[in-house]
Amino acid sequence: MQIKHASALIQNDAVTLGLLLLLLAGIFYTSNSKNPIFKKFYSVIPMLLLCYFLPSLLTTFGIVDGENSQLYFVASRYLLPASLVLLTLSIDLKEVFKLGSKALIMFVTGTFGVIIGGPLAILITSAINPDLIGGAGPDAVWRGMTTIAGSWIGGGANQAAMYEIFEPSDRLYSIMITVDVLVAEVWMAILLIGVGKAKQIDKFFKADASSVEHLQKKMHDFSLKTARIPSTTDLMVILAIGLGITGFAHFVADAIVPYIEIHAPSLNKFSLTSRFFWLIILSTTIGIGLSFTKLRNYEGAGASKIGTIFIYVLVATIGMKMDITKIFDNIGLFAVGGIWMLIHVVLLLIVGKMIRAPYFFLAVGSKANIGGAASAPVVAAAFHPSLAPVGVLLAVLGYAMGTYGAWMCGLIMQAVAP
């Protein structure tokens with residue numbers, strides 16, 4: 001089936017996918033080039049940032065239709081679960097737990113930053129321009145902001161829950177989705193730049209990143225120890241493991257969700273009626289389970305490399321959703337979103353400095369809130385593919401806390417709104 005979008009120069013998702021893969025191939029090729037110009041360029045600009053930013057330019061300049069394309073849906077529902085299976089296949093769970101409590105502290109700090117950031121952003125903005133965050137009834141700006149809180153603590157399911165609870169108008173909801181996506185994606189770009197500066201940031205925090213480095217080294221050593229030239233059979237088995245378990249996760253999710261909706265609808269507040277939630281939980285859990293079997297030896301045939309490719313395709317489709325020009329359509333509300341995000345970031349920096357947390361924990365703790373399971377593994381994998389499960393585990397906490405945290409944030413925003 002060909003999916004076409006009349007508003008874009010390229011109207012076919014198959015062509016768009018080909019263009020994204022050409023971009024990714026070009027970035028990978030140049031980043032591994034021995035050319036001194038490319039070496040210097042990539043010493044400043046992380047490769048993952050380009051994989052994320054260049055697709056956004058395709059949407060910004062009207063070359064592709066990132067808003068209506070189905071590629072993100074396919075990548076997030078099919079490739080992301082498969083990548084989580086393949087990236088967790090060789091994980092050493094004991095070593096992950098040895099990372100300690102700082103990851104959890106930074107995650108909770110990020111959640112708290114979102115909860116208090118919304119009300120503080122309203123107070124700051126109302127002191128400058130009360131009309132900007134006013135409105136009445138369904139058009140009250142604070143109502144729309146509750147949907148951002150749901151997205152920034154949990155994810156899409158929590159955002160939908162806030163839409164149902166606080167009932168903003170459809171027009172306001174549409175604007176807030178744009179604010180949510182663009183502000184979050186700009187912050188993700190900044191985080192990815194920070195990945196290349198992680199050692200300098202850790203030095204500033206006086207952080208001990210030895211636990212993260214130890215896990216990276218252990219996973220790298222295991223990969224080298226089991227390394228072999230993959231046969232066609234190896235590659236077929238790896239794809240069967242990743243996509244087969246993804247198919248099984250879809251099958252189970254399609255059975256569980258309707259049952260919960262009928263027999264235990266109150267569990268909606270924990271995101272248990274979200275199929276995406278179950279996809280992430282099931283694929284990660286099964287992947288971790290398989291890490292205790294001989295299947296983990298497929299890491300030597302390139303399991304994590306294929307999982308990483310899936311992640312990068314997902315990154316490109318996430319970037320493709322961002323149209324930079326839309327910032328200027330509602331510049332005032334983007335300023336509110338920017339202040340909100342700044343409060344979240346400042347709080348993370350303060351706590352990170354106080355507990356001497358490695359930058360890895362700051363970045364993943366933030367994205368486990370703002371972006372959830374679709375983004376946290378991406379940022380974690382930017383440090384090392386073996387660290388992707390850390391992002392997933394924290395994102396799952398975000399799903400559980402999202403509705404409660406966003407609801408609390410919404411009530412406070414209602415109280416302080418002009």
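**Exercises on a predicted model**

The largest pocket has a volume of about 1,200 Å³. This is a predicted model, where local features need pLDDT of at least 70, side-chain atom pairs count only at pLDDT 80 or more, and totals for chains, interfaces and linings use all residues. Residues are numbered from 1 along each chain as its sequence is written, and side-chain values use heavy atoms, leaving out hydrogens and water.

**Exercise 1.** Find which of α4, α7, α8, α9 and α13 gives the most residues to the lining of the largest pocket.

*Solution.* Start from the centre: among the 43 lining residues, Y72, I177, D180, V181 and K321 are the closest to it. Then turn to the elements: α9 contributes the most, nine residues. (Helices are DSSP runs of H or I, at least four residues, numbered from the N terminus.)

**Exercise 2.** Work out how K217 and D221 are placed in their helix, and whether each is exposed or partly exposed.

*Solution.* First, locate the pair: both sit in helix α11 (residues 210–226), four residues apart, about one turn of the helix. Next, check the contact: they form a salt bridge (a side-chain nitrogen of Lys or Arg within 4 Å of a carboxyl oxygen of Asp or Glu), with the closest N and O atoms 2.9 Å apart. Finally, apply the cut-offs: buried means under 20% relative accessible area, exposed over 50%, and partly exposed in between, with a 1.4 Å probe and protein chains only. K217 has 51%, so K217 is exposed; D221 has 34%, so D221 is partly exposed.

Note on methods: On a 1 Å grid over the protein atoms alone, a cavity is a set of points where a 1.4 Å probe fits but cannot get out, and a pocket is an open set with protein on both sides within 12 Å along at least five of seven lines; lining residues have an atom within 4 Å of a point. Grid points are joined across faces, edges and corners, and a volume is the space filled by probe spheres set on the points. Helices (H or I, at least four residues) and strands (E, at least two) are DSSP runs, numbered from the N terminus.
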